[in-house]
Amino acid sequence: MPDAPAARTLVHTGADALAAAVAAALAERVAAVQAEGRTPHVVLTGGTIAIAIYERLDAEAADWSDVVYWFGDERFVPEGHEDRNDRQARDSFLDRLSVPASQVHSMPAHGCSTSMAEAADGYGASLPDEPFDVVLLGVGPDGHVASLFPGFAQVHEQERRCVEVFDSPKPPPERTSLTFPALNHTRATWFLVSGDGKADAVARALAADGSLEETPARGAHGRDETLWFLDEDAAGRL
Ligand SMILES: O=C1O[C@H](COP(=O)(O)O)[C@@H](O)[C@H](O)[C@H]1O
């Protein structure tokens, strides 16, 4: 298989401009896939900039109901809890754009009938065989993506597509997360990063040398495209 193309950075003046640009780019990509006669599969992330992007998604710019939505990670708290990434996505765009619940594949919540490991494996087994169209990823100041944290064994998982995470350094402590084999089964990976607090992580992720152990974001890439949507603060140490 040919090597994935090199990552590209797209730097915007601030968080608002970044959010508007990603919202427009996502609408364009979704509409382009729909024009090919396919239903796009998009992996959602949580996080501050992601919510700002979701709030800007324009009802007229694409058919948001004809998209299948997945999650890159989730907080293992009860359904409807405000810490849930799916709750944040519902509040910021899924409900507003009347996306049917059948199009949204949430990760299991605390209170489901299985263990976290079984819940993670069940989600992994439900993932499509075809590559995702776009995987959206926020990046933590420590360089984590999804719930793959520096120094955690889950960063190196090669067999399971979704895993349980205990003792997350960022609350809440219990989570489930796609692994790199699942996250990288995608045509496009878009990193969404805003703010000075993430500038070191961005610089480490894009440096020629470095380790996945220290900066998990180094491990995510798309088969056709890897884009880093940044604001000037997040790009400040490149
Ligand atoms: O815990 C998480 O954090 C990251 C980034 O969040 P932010 O608030 O620093 O932007 C997010 O990408 C991930 O999905 C989430 O579970």
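**View A. Strands β6 and β7 run antiparallel and are joined by 4 bridges.** This is a predicted model: local features need pLDDT of at least 70 and side-chain atom pairs count only at pLDDT 80 or more, while totals for chains, interfaces and linings use all residues. Numbering starts from 1 along each chain as its sequence is written. Here β6 covers residues 162-165, and β7 covers residues 175-178. Strands (E, at least two residues) and helices (H or I, at least four) are DSSP runs, numbered from the N terminus.

**View B. On its other pairing, β7 meets strand β4.** β4 takes in residues 73-75 and runs antiparallel to β7, with 3 bridges joining the two. Glutamate 74 has threonine 176 in β7 as its bridge partner. Check where the β7 side chains go: Arg175 and Ser177 point one way, Thr176 and Leu178 point the other way, and all are buried (20 or more other C-beta atoms within 10 Å of their own, with C-beta atoms placed from the backbone).

**View C. Zoom out and you get an open antiparallel sheet of 3 strands, β4-β7-β6.** Strands count as paired if DSSP finds at least two bridges between them. β4 and β6 are the edges, each pairing on one side only. From one strand to the next, the twist averages 15°. Helix α4 (residues 116-126) packs on this sheet and touches β6 and β7, its direction making about 155° with that of β6. Contact means C-beta atoms, placed from the backbone, within 7 Å.

**View D. The other open sheet has 6 strands in parallel pairing, ordered β1-β9-β8-β5-β2-β3.** Its edge strands, pairing on one side only, are β1 (8-12) and β3 (68-71). Ignoring direction, neighbouring strands here are turned by 20° against each other on average. Inside the sheet, β2 (residues 41-44) runs parallel to β5 (residues 132-138), with 2 bridges between them. Valine 43 stands opposite valine 135 in β5. Helix α1 (residues 15-35) packs on the sheet against β1, β5, β8 (186-193) and β9 (225-231), and its direction makes about 155° with that of β9. Helix α2 packs there too, touching β5 and β8, at about 110° to the direction of β8.

**View E. Helices α2 and α3 come together, their axes within 8 Å.** α2 spans residues 48-55, α3 spans residues 85-94, and the axes cross at roughly 30°. Because of that angle, α2 is roughly parallel to α3 (under 35 degrees). Ile51, Tyr54 and Glu55 in α2 meet Gln88, Ala89, Ser92 and Phe93 in α3. By class, this contact has 4 nonpolar, 2 polar and 1 charged residues. Asp, Glu, Lys and Arg count as charged, Ala, Val, Leu, Ile, Met, Phe, Trp, Tyr, Cys and Pro as nonpolar, and the others, Gly among them, as polar.

**View F. The ligand is surrounded by 13 residues.** Thr45, Gly46, Gly47, Thr48 and Gly138 are the closest. The shell divides into 9 polar, 2 nonpolar and 2 charged residues.

Note on methods:
A residue is near a molecule or strand if its C-beta atom, placed from the backbone, lies within 6 Å of it. A residue is buried if 20 or more other C-beta atoms lie within 10 Å of its own, exposed if 12 or fewer, and partly exposed in between; C-beta atoms are placed from the backbone. Axes are lines fitted to C-alpha atoms, for helices over the stretch in contact, and angles run from 0 to 180 degrees between N-to-C directions. Two residues are in contact if their C-beta atoms, placed from the backbone, lie within 7 Å. Angles under 35 degrees count as roughly parallel, over 145 as roughly antiparallel, 65 to 115 as roughly perpendicular and the rest as oblique.
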